[in-house]
Amino acid sequence: MSTAAVPRRTAIVTVDDDPGVSRAVARDLRRRYGEQHRIVRAESGAAALEALTQMKLRGEQVAVILADYRMPEMNGIELLERAMDIYPAARRALLTAYADTGAAIDAINVVDLDYYLLKPWDPPEEKLYPVVDALLDAWDSSDHKPVPELKVVGHRWSARSSAVREFLARNQVPYRWYAADEPEGRRLLDAAQADDLTLPVVITADGDVLVEPSETDLAGRVGLTTTPSTDFYDLVVVGGGPAGLGSAVYGASEGLRTLMVERIATGGQAGQSSRIENYLGFPDGVSGAQLTDRARRQAAKFGAEILMTREVTGLEANGPARTVRFSDGGAVTAHTVILATGVSYRQLTAPGLPELTGAGVFYGSALTEAVGCKDHDVYIVGGANSAGQAAVYLARTARSVTLLVRGPSLRKSMSYYLIQQVEAMPNINVRVCTEISEAHGNGRLEGLTLRDANNGRTDTVEAHWLFVFIGAAPLTDWLGDAVARDSRGFILTGPDLVAHHLEGWPLERPPYHLETSVPGVFVAGDVRSESAKRVASAVGEGAMAVMLVHRYLEGL
Ligand SMILES: Cc1cc2nc3c(=O)[nH]c(=O)nc-3n(C[C@H](O)[C@H](O)[C@H](O)COP(=O)(O)OP(=O)(O)OC[C@H]3O[C@@H](n4cnc5c(N)ncnc54)[C@H](O)[C@@H]3O)c2cc1C
């Protein structure tokens with residue numbers, strides 16, 4: 001193993017067991033990045049881990065790890081997985097031969113791989129440098145600077161503790177979790193002079209103690225923006241899912257002063273997906289977290305402002321101004337608004353379930369909770385793609401996954417490719433025509449009574465983990481009569497508006513395609529009546545809505 005002598009520069013680590021290849025990669029990297037970065041070369045996974053550990057102890061930063069896939073003893077994926085424990089923020093790429101592409105694709109999920117590169121990488125200007133540039137950009141713009149870790153101390157089965165962890169995870173904020181009833185958790189509570197009656201307690205890297213913090217308190221502490229920089233914008237986008245992010249990227253890149261407001265975490269539903277396989281340009285799939293991270297950075301790069309933990313609860317039109325009001329009383333005004341508030345999971349109402357939400361019963365938070373269900377039996381309710389993805393994801397580590405499906409088969413509700421994946425996993429069982437009639441548990445989920453819809457028979461099973469994916473509803477009641485909605489609350493636009501609710505439309509021209517009953521207020525994504533409920537269409541509508549915003553502004 002050889003290392004350059006200049007300390008403290010951010011490192012790029014490359015690992016290949018073939019000394020010739022190893023030297024060649026390091027040489028190409030040094031040629032382009034040698035001035036700015038320290039290039040560290042290792043010839044085995046073990047040597048790389050040793051180097052990473054030493055660098056960690058010396059307080060050095062690692063921006064990129066580039067590992068060969070085929071190495072004896074420890075392959076590239078195993079190495080990257082172990083490297084994540086040491087440098088979780090480092091960007092990861094796998095170097096593979098064409099024949100190993102399948103392994104690289106699997107690695108996208110296992111180690112949240114950023115890229116895989118096919119050998120040979122000649123000419124590096126075309127094949128290697130663009131990838132490493134993108135990895136360095138990603139590292140540069142993420143909040144990796146010694147993000148001293150937050151510590152969260154809470155009860156394993158408390159809804160509030162679960163919500164705090166999910167908030168941090170979905171916003172990609174590193175934290176370490178301690179159960180309040182374990183020795184280290186107790187030690188931390190003692191040190192923080194906190195008791196275990198009001199949990200969770202969050203301890204910041206500076207040692208500040210936050211008792212049962214709100215999302216806004218946390219957001220402020222972890223560097224998320226919570227207040228707008230001005231009170232007037234060209235465009236305010238409400239919602240930070242794929243449609244909102246699409247609108248923010250196109251709005252800001254086309255010169256509009258753009259503010260995007262998100263109440264929980266960017267990425268919306270897509271951010272909770274373990275693997276999106278049908279989004280154009282990602283033939284090997286992409287995790288929702290990765291897609292969100294890239295989209296958010298792209299929006300920020302173009303200058304869009306992203307406001308977090310602010311919920312929009314009012315919309316008003318005053319002449320040409322459109323005012324968006326927040327739940328805490330604040331407001332911003334803009335020429336135009338794009339509503340991209342998507343949909344939220346519907347909740348199950350069977351006796352016992354509402355009280356156990358967050359205490360074994362989870363809505364859409366399969367990714368955050370996955371670690372806890374390792375080697376356990378897991379139940380999932382739902383027959384659509386989101387349930388299928390969660391089943392496949394959790395089945396990798398859970399002892400068993402039982403999919404509870406109300407209908408007689410998965411065929412009508414789940415994509416064919418996912419049904420095949422579900423069927424191929426021996427530890428996934430599918431129970432069709434089955435509903436939950438009751439949940440049991442004292443403070444945490446302990447059992448479920450399941451009812452067979454064919455014969456009405458019930459049986460009670462021991463269960464500690466239940467994930468629910470049963471379709472969704474738009475949360476648009478806050479809009480009241482501000483814009484016209486259909487009978488299920490989805491927002492009507494363009495041609496649908498013309499067909500149903502055009503009375504009161506103030507202009508001579510008809511509404512544009514994605515325009516609501518209020519001129520200058522547009523809709524994109526799942527919240528639109530008759531929308532496609534797909535990531536690609538949400539992003540596409542975000543872009544299209546911005547094009548219509550321009551058309552509207554030209555007519556002002
Ligand atoms: C687990 C899962 C897996 C999926 N997998 C796929 C897939 O593989 N392929 C595919 O094409 N589609 C998939 N989908 C569907 C896809 O994610 C959605 O169609 C897409 O996310 C819709 O984007 P959107 O921006 O319209 O809405 P959403 O993603 O719902 O985002 C809306 C955002 O608005 C925010 N918001 C809501 N109200 C307010 C308010 N009042 N103030 C501020 N913010 C607000 C929400 O917090 C949310 O972040 C999946 C969905 C789920 C749940």
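1. Let me start with a helix pair. The axes of α10 and helix α11 (residues 288-301) come within 8 Å and cross at roughly 30 degrees. Axes here are lines fitted to C-alpha atoms, for helices over the stretch in contact, with angles running from 0 to 180 degrees between N-to-C directions. That angle makes α10 roughly parallel to α11 (under 35 degrees counts as roughly parallel, over 145 as roughly antiparallel, 65 to 115 as roughly perpendicular, and the rest as oblique). The α10/α11 crossing is left-handed, meaning the near helix is turned anticlockwise from the far one by less than a right angle; clockwise would be right-handed.

2. Some housekeeping. You're looking at a predicted model, where local features need pLDDT of at least 70 and side-chain atom pairs count only at pLDDT 80 or more, while totals for chains, interfaces and linings use all residues. Residues are numbered from 1 along each chain as its sequence is written, and side-chain values use heavy atoms, with hydrogens and water left out. As for naming, helices (H or I, at least four residues) and strands (E, at least two) are DSSP runs, numbered from the N terminus.

3. Another pair to look at is helix α1 (residues 19-33) with helix α6 (residues 129-141): their axes come within 11 Å and cross at roughly 60 degrees. α1 and α6 are therefore oblique to each other, and this crossing is right-handed.

4. Now the ligand. There are 33 residues around it, and Glu 262, Gln 269, Asn 278, Tyr 345 and Asp 526 come nearest (near means a heavy atom within 4 Å). By type, the shell divides into 14 nonpolar, 12 polar and seven charged residues. In this scheme Ala, Val, Leu, Ile, Met, Phe, Trp, Tyr, Cys and Pro are nonpolar, Asp, Glu, Lys and Arg are charged, and the others, Gly among them, are polar.

5. On polar contacts to the ligand (pairs of N or O atoms within 3.5 Å): a side-chain N or O atom of Glu 262 sits 2.6 Å from a ligand oxygen. From the backbone, a polar atom of Val 312 is 3.0 Å from a ligand nitrogen, and an N or O atom of Asp 526 is 2.8 Å from a ligand oxygen. Taken alone, the ligand exposes 1000 Å², and the protein buries 95% of that (Shrake-Rupley areas, 1.4 Å probe). Elements giving two or more residues to the shell are α10 (242-253), β12 (258-262), α13 (385-395) and α16 (535-554).

6. Backbone spots worth a look: most residues other than glycine have a negative phi, and most peptide bonds are trans. The peptide bond from Asp 122 to Pro 123 is cis, omega near -10 degrees, with Pro 123 in the loop between β6 (115-118) and α5 (124-127). Leu 199 and Pro 200 are also joined by a cis bond, omega about 5 degrees; Pro 200 lies in the loop between α8 (183-191) and β9 (201-203).

7. Two non-glycine residues have positive phi: Asp 375, near 65 degrees, and Cys 433, about 50 degrees. Asp 375 is in the loop between α12 (366-369) and β19 (377-381), whereas Cys 433 is in the one between β21 (428-431) and β22 (434-440).

Key. A polar contact is a pair of N or O atoms within 3.5 Å; within protein, one must be able to donate a hydrogen and the other to accept it, and residues adjacent in sequence count only if both atoms are side-chain atoms.
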